[in-house]
Amino acid sequence: MWRRSLSTSYYRCFGCRSSGPKVLWKSQAVRTCSAPALPAGRITPLQAVKLWKRRFEERGVTEPEQSSQYIIAHLLGAKTIESLEQERLTEFLSREQTEQIWKLCTTRLSRMPVQYVIEEWDFRDLTLKMRPPVFIPRPETEELVELVLNDLQMKTEMGVPAETEPTCLEVGCGSGAISLSLLKSLPQLKGVTLDQSQDAVDLTRENALRLGLEDRLEIHHIDVMKDAETLLSLIRPVTTLVSNPPYLFSEDMASLEPEILSVCFCCVLLPRFEDPAALDGGEDGLKVIKQILTLAPQILSSYGRAYLEVDPRHPPLIRQWVEGNVDGLQFKEARHDITGRPRFCILQKEEVKQGPQAGSGLRN
């Protein structure tokens, strides 16, 4: 059984990106919190779940029941409480197990996301190592992977000859979730991925090794904003470009849950657990997106496609900007996420026109 929740507030708790302006989060800095004393006698996993659910509720931790269930299930060697036999849940914990539960649940009291607390999380059919400050993949990004997979598997109108080896470049690898998921699902695919964070590069490499996919994935420590020439010199044209870039509007950063940002007493935003650079897309949320799309015609092979996860306000802005600023790239469509919001943009490299029609402005 995979770790997953259909609760909207759960995803918000664990850092789901905003889909629009929110009320400014008004709390002050998250205070250190004391843990309940270790029980004098022995307790069962179910008793520990109830105790820590109550403690999380008292301290205002979002999704208190799921937090306690995931942590305790993890320490019992399972992904979810539901996957454990009833006998396991009602037998007494050892003193060592109880101490481990208290240690991890106390860490959760500080509002550290559960993914960091248990140091792993599931993404589609993969279990990935997680650690701060590397960006935690969100459920919407699973939908992005499905979108790319469907296009590649069905060989939609990408114009890529059948004999061409499919290749994918991911900008902003984080934990490696997107690239590794694509590689596992498509044995013929080869990938290149990069990130401006050395922490992200190291974690992606670790996850690739654990999954046995390191031979099919090149991993580079490159900042696409600063090292564009280095990037272009390293890679050959690819059939697919995919990215879940920083896309929050800067003004929305203040509304994030305390799992991501805290606010000091002088109202200055401070990084808490996740790297804000993986979230903040600048004033209009398009700073990194514009850079990626500017480079896309040089990165993609003929008829290659770019797939982006974006803010729901972005698709019309991206279409307008690309049409006015990027030659050789066509905005194809926006796709909606499971909540019905326009979350994904698909763009395609155009055929380069030759001869007298080259300047006609006609698009394929």
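Helices and strands here are DSSP runs, numbered from the N terminus. The model is a predicted one.

Q: Which loop holds Pro133?
A: Start with the backbone: the peptide bond running from Pro132 to Pro133 is cis, with omega near 5 degrees. As for its place in the fold, Pro133 sits in the loop between strand 2 (126–129) and helix 7 (139–154).

Q: Which residues of helix 12 are exposed on the face turned away from its buried side?
A: Take the buried set of helix 12 (residues 315–325) to begin with: Pro315, Ile318, Trp321 and Val322. They span an arc of only 130 degrees around the axis, so they end up on the same side of helix 12. The face turned away from that buried side carries the exposed residues Pro316, Gln320 and Gly324.

Q: At roughly what angle do the axes of helix 3 and helix 5 cross?
A: Look at who touches whom: Ser67, Ile71, Ile72 and Leu75 in helix 3 meet Gln100, Ile101, Leu104, Cys105 and Arg108 in helix 5. That contact splits into 6 nonpolar, 2 polar and 1 charged. Helix 3 passes helix 5 in a right-handed crossing. The axes of helix 3 (residues 64–75) and helix 5 (residues 95–109) come within 10 Å, and they cross at roughly 145 degrees.

Q: Is Glu63 buried or exposed?
A: Glu63 isn't a glycine, yet it has a positive phi of about 50 degrees. You'll find it in the loop between helix 2 (45–58) and helix 3. Buried means under 20% relative accessible area. Glu63 comes in at 15% relative accessibility, so it counts as buried.

Q: What is the relative accessible area of Arg111?
A: Arg111 is another non-glycine with a positive phi, of about 75 degrees. Its spot is the loop between helix 5 and helix 6 (114–118). Arg111 is buried, with a relative accessible area of 9%.

Q: How far apart in space are Gln86 and Leu46, C-alpha to C-alpha?
A: Gln86 belongs to helix 4 (residues 86–90), and at 51% relative accessibility it counts as exposed. Along the sequence, Gln86 and Leu46 are 40 residues apart. In space, C-alpha to C-alpha, the separation is 9.5 Å.

Q: How many disulfides does the structure hold?
A: Cys173 is buried, at a relative accessible area of 4%, and Cys345 is buried too, at 0%. A disulfide would need a pair of cysteine sulfur atoms within 2.5 Å. The count for this structure is 0.

How values were computed: Residues are numbered from 1 along each chain as its sequence is written. This is a predicted model: local features need pLDDT of at least 70, side-chain atom pairs count only at pLDDT 80 or more; totals for chains, interfaces and linings use all residues. Side-chain values use heavy atoms; hydrogens and water are left out. Buried means under 20% relative accessible area, exposed over 50%, partly exposed in between (1.4 Å probe, protein chains only). Helices (H or I, at least four residues) and strands (E, at least two) are DSSP runs, numbered from the N terminus. The arc is that of the directions from the helix axis to the C-beta atoms. Axes are lines fitted to C-alpha atoms, for helices over the stretch in contact, and angles run from 0 to 180 degrees between N-to-C directions. A crossing is left-handed if the near helix is turned anticlockwise from the far one by less than a right angle, and right-handed if clockwise. Contact means heavy atoms within 4.5 Å. Ala, Val, Leu, Ile, Met, Phe, Trp, Tyr, Cys and Pro count as nonpolar, Asp, Glu, Lys and Arg as charged, and the others, Gly among them, as polar.
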